[in-house]
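Here are a few notes to read alongside the model. Take your time and look for each item as you go.

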Amino acid sequence: MQVFDEAPEGIQKAPHEPRMLAAGYQVALREVVFSDVHDKESLMLALLRGLALTDNFGRNWDALYDVLTDPEARPAKLGLLLRDFEHFCHRHPHLSGELERVLLDAQRDAAEHGRQLWLLSEELESDPANW
């Protein structure tokens with residue numbers, strides 16, 4: 001069974017070839033890379049880049065939630081490919097906990113409004129000693 005066959009629930013492991021699968025299911029897929037995130041400012045910059053936001057993005061938790069739940073700004077079927085997310089969580093547990101809360105709240109809001117938000121974790125090849 002493919003990840004896009006079911007309603008999104010929580011942060012899931014990304015399937016093999018997520019871009020091709022997303023295209024087949026007509027899911028808009030955006031990629032956020034966490035490799036260079038070391039504080040909230042660099043996290044917000046990674047989100048700005050990955051979500052293709054404009055510079056007027058508020059760069060705070062409320063602004064991120066608003067962006068993810070705005071039906072005018074986001075497609076009804078959206079996937080976030082969270083690259084190097086597990087390593088980010090190990091390096092920054094407090095910051096990743098706050099981010100996870102916002103992402104899961106946005107995912108619940110999307111479901112309540114008949115929309116879908118997949119959160120897919122994909123790890124980069126790296127040495128665990130660098131976590």
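This is a predicted model: local features need pLDDT of at least 70, side-chain atom pairs count only at pLDDT 80 or more; totals for chains, interfaces and linings use all residues.

1. Residues are numbered from 1 along each chain as its sequence is written, and side-chain values use heavy atoms, leaving out hydrogens and water.

2. The protein has 5 helices and 4 strands, in the order β-α-β-α-α-β-α-α-β from the N terminus. Here helices (H or I, at least four residues) and strands (E, at least two) are DSSP runs, numbered from the N terminus.

3. Now look inside. Of the 131 residues, 44% are buried, meaning under 20% relative accessible area with a 1.4 Å probe, protein chains only (exposed is over 50%, partly exposed in between).

4. The largest nonpolar core has 30 residues, and Phe34, Leu43, Leu64, Leu80 and Leu99 have the most contacts inside it. Such a core is a set of buried Ala, Val, Leu, Ile, Met, Phe, Trp, Tyr and Cys residues joined through side-chain atoms within 4.5 Å. Helix 5 gives the largest share of this core, 6 residues.

5. Gly114 counts as exposed because its relative accessibility is 67%. Between Gly114 and Lys77 there are 9.6 Å in space, C-alpha to C-alpha, though they are 37 residues apart in sequence.
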